[in-house]
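Please look over the model before reading on.

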Amino acid sequence: MSEFKVNTITNRDGSHGPQICGITTFGSSGMQLPSGPTEFRGGRGRGIVGGGRNNPSPAVAELTIDMHEIATTGNAVDFGDLMGSNTGAKGGGFGSATRAILAGGYNPSPGALLTQIQYVVMSSQGGANDFGDLTTAKNGITPASNNTRGILQGGATPDYTSEMSSINIQSLGNDSNFGSHLEGGIRNGAAAQNGTRGLFGGGQGPSANYFSIVSYVFATSGSGTKFGELSDDPSANTAVSSGIRGVFAGGNAPGVINTIEYVTIATEGNTTDFGDLTVARRNLAGCTNRIRGTFSGGHPQSSGSGSNVNTIDFITIASTGNAQDFGDLTVVRRCSNAGGSDAHGGLIQ
């Protein structure tokens, strides 16, 4: 038996708890202390949905951020606020085990595209913080990341751009050049990832939507390589990933679709049918804990005005089948609303 001495125990708010010193007997062969930064020692698996556009006419840009625990079911709860109202910031699988990043966007009042990059600390509940700036103001960006590097594909400036940039997620700062989209100008696609590469699928071009899935390696810059094709040509779709599978859902092709389909990230090829969403819609947000994927919000019409939805669906990524009801967002929202999670497929556990 050995002496186990604890000098201090610190609470999550930074204050000291009780001190323990003496002989401690363990009923098993040992104990494991938590590893990693304190930001996720309370557990991971949260999904956030921030910004977007709600229902009033004329539509109003949302400021709020919702949060849901992906492993459970139930309605989302208030997490905090963005730094400003935003209809077009994108998140998806973009961030680390401790941070979710939201890049660019559009504020309809005063009618300006944004360069702003902001982040939230996933273990807390509170407002977004300033990360840095994009080189070019734009919305409709498609992001992907592993734990250290984020890739931002395309966007509207307002012209569709093929430019791609990257950020270092573990620091603060502006984006830098990464390369260009293989097939030209694009906005409002979706991305799935593992720790090595991101797969960007769908999106809207200057004259038509894309069927293509293009693969980019996080460690190297460039224009990417063709991976395969989606079954349709959706824009404003979303994706989630387990690190093994990438699952693409919804979108406008040009009619709104309820399609869910998947690829195996390690193997090039076209998508395979997975099932259907509970509600066909575009501009929905995807979150994942690598076991489940959730799809939040969106717009059930291909164009024009109409009611957005507050629906949250979920799937089990390793299986196939139709999505099931998870709960509701605190507000209805759509238009590239940003989703983020702290356990997506690009992160190494």
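Which residue in β16 does Ser212 stand opposite? Ser212 faces Glu229.

## Basis of the model

The model is predicted: local features need pLDDT of at least 70, side-chain atom pairs count only at pLDDT 80 or more, and totals for chains, interfaces and linings use all residues. Residues are numbered from 1 along each chain as its sequence is written, and side-chain values use heavy atoms, with hydrogens and water left out.

Strands here are DSSP runs of E, at least two residues long, numbered from the N terminus. Two of them pair if DSSP finds at least two bridges between them. Angles are taken between N-to-C directions, from 0 to 180 degrees, with axes fitted as lines to C-alpha atoms.

Strand β15 (residues 212–217) runs antiparallel to β16, and 4 bridges join them. Ser212 opposite Glu229 belongs to this part of the sheet.

## The three-stranded sheet

Another open sheet has 3 strands in the order β4-β7-β8, again with antiparallel pairing. β4 (99–103) and β8 (129–133) are the edges, pairing on one side only. The twist averages 30 degrees from one strand to the next.

β4 and β7 (residues 116–121) are antiparallel and share 5 bridges. Leu102 stands opposite Gln118 in β7.

## The second largest pocket

The second largest pocket holds about 330 Å³ of space. Its lining counts 20 residues; closest to the centre are Arg187, Asn188, Gln204, Arg282 and Asn283. By class, the lining has 5 nonpolar, 11 polar and 4 charged residues.

A pocket is an open set of points on a 1 Å grid over the protein atoms alone, where a 1.4 Å probe fits, with protein on both sides within 12 Å along at least five of seven lines; lining residues have an atom within 4 Å of a point. The volume is the space filled by probe spheres set on the points. Asp, Glu, Lys and Arg count as charged; Ala, Val, Leu, Ile, Met, Phe, Trp, Tyr, Cys and Pro as nonpolar; the others, Gly among them, as polar.

## Thr161

Thr161 sits in the loop between β10 (149–153) and β11 (163–168). Thr161 is buried, at 9% relative accessible area; buried means under 20%, with a 1.4 Å probe and protein chains only. Its side chain reaches the backbone nitrogen of Glu163 at 3.0 Å.

Terms used: Buried means under 20% relative accessible area, exposed over 50%, partly exposed in between (1.4 Å probe, protein chains only). A polar contact is a pair of N or O atoms within 3.5 Å; within protein, one must be able to donate a hydrogen and the other to accept it, and residues adjacent in sequence count only if both atoms are side-chain atoms.
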